[in-house]
Amino acid sequence: MTCEFDLDFLMGGTTREMHCKVPLLYEAGEAFLKMQMAAKKDGVCLKIISGHRDFNHQNKLWAAKYKKFVAPKLNDLIENILQYTALPGTSRHHWGTEIDLVDGDLNLDDPLLTKNYINGGPFYQMYDWLLDRAEQFNFYMTYPDDKKRTGFMFEPWHFSYQPLSKKCLDCFLSQNWVDCLDVKKIAGEKLLTAAYLKKYQCDYLLGINLKLL
Ligand SMILES: [Zn+2]
């Protein structure tokens, strides 16, 4: 398979030029701007709180969580981090196709919490709009609230631009990312064996919205 996206980019190493207005690949950025305009007409202010992130950025998030969680066993520690934070090198945020969205009209100290998005929460109007309209713009919730899904927790804020992220996922899976991952740079490396990473691929990287597979 020839890949439009090389593994080094997909793993957050080399970066590509992103859209000048939004931290996404150009095509995804254009789609987002259209969706943002449509939302604005309905009185909803879509704001990207995080888009493209490289390996070093993801590794900082990972290391901060590693310090934060105190667990009796390394195994539990990694599982705790993995509730919401992908292993550096495997985050879909490396691809320039993923966004975390908040309501730009509101300023919350800790916006990325499920309770802010669900019915009764301050972001509910925006969330409800996204449920209704995002797919028209090819943005899909990556980690929906589906009991049958494995891996990361429900993330009502995280959306994926499907036409490009599907290509990225196919390219990523068709290349040998397990051997390429530089685990020495990552906190908790002892646990990150090839066997663990293969299981992680199954449970986490494939534990996404079926429409993105
Ligand atoms: Zn995200």
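**Entry 1. Overall layout**

I read the order of elements along the protein chain as α-α-β-α-α-β-α-α-β-β-α-α-α. I took helices (H or I, at least four residues) and strands (E, at least two) as DSSP runs, numbered from the N terminus. The chain holds nine helices and four strands. I note that this is a predicted model, in which local features need pLDDT of at least 70 and side-chain atom pairs count only at pLDDT 80 or more, while totals for chains, interfaces and linings use all residues. I number residues from 1 along each chain as its sequence is written.

**Entry 2. Dimensions and burial**

I looked up the radius of gyration, taken over C-alpha atoms, with the globule rule of 2.2 Å times the number of residues to the power 0.38. The protein chain has 17 Å, which agrees with the value near 17 Å for a compact globule of 213 residues. Along the principal axes, the C-alpha trace spans about 50 × 45 × 30 Å.

I called a residue buried if 20 or more other C-beta atoms lie within 10 Å of its own, exposed if 12 or fewer, and partly exposed in between, with C-beta atoms placed from the backbone. By this criterion 36% of the 213 residues are buried. I counted two residues as in contact if their C-beta atoms, placed from the backbone, lie within 7 Å. Among contacts between residues at least 6 apart in sequence, 71% join residues at least 24 apart.

**Entry 3. Nonpolar cores**

I defined a nonpolar core as a set of buried Ala, Val, Leu, Ile, Met, Phe, Trp, Tyr and Cys residues joined through C-beta atoms within 7 Å. The largest has 41 residues, and Leu10, Met35 and Cys168 have the most contacts inside it. Elements giving two or more residues to this core include α1 (7–10), α2 (26–41), β1 (46–50) and α7 (162–174). A second, separate core has nine residues, among them Trp62, Ile81, Leu181 and Tyr200. I also listed the partners of Cys168: leaving aside residues up to four places away in sequence, Cys168 touches Phe5, Leu10, Trp95 and Thr97.

**Entry 4. Helix α2**

The buried residues of α2 are Ala28, Gly29, Ala31, Phe32, Met35 and Ala39. Seen down the helix axis, they fall within an arc of 160° and so line one face of α2; the arc is that of the directions from the axis to the C-beta atoms. These buried residues pack against β1, β2, α6, β3, β4 and α7. Met37, Lys40 and Lys41 are exposed on the face turned away from the buried side. Just after α2, Gly43 takes a positive phi of about 80°.

**Entry 5. Strand pairing**

I treated two strands as paired if DSSP finds at least two bridges between them. β1 and β2 run antiparallel and are joined by four bridges, with Ile48 opposite Leu101 in β2. β2 pairs with β4 in the antiparallel sense over three bridges; here Glu98 stands opposite Ser160 and Asp100 opposite His158. β3 and β4 are also antiparallel, over three bridges, with Phe139 opposite Tyr161.

I then looked at burial in the strands. Five of the six residues of β2 are buried, so β2 is largely enclosed by the rest of the structure. Both faces of β4 are covered, with His158 and Ser160 buried on one side and Phe159 and Tyr161 buried on the other.
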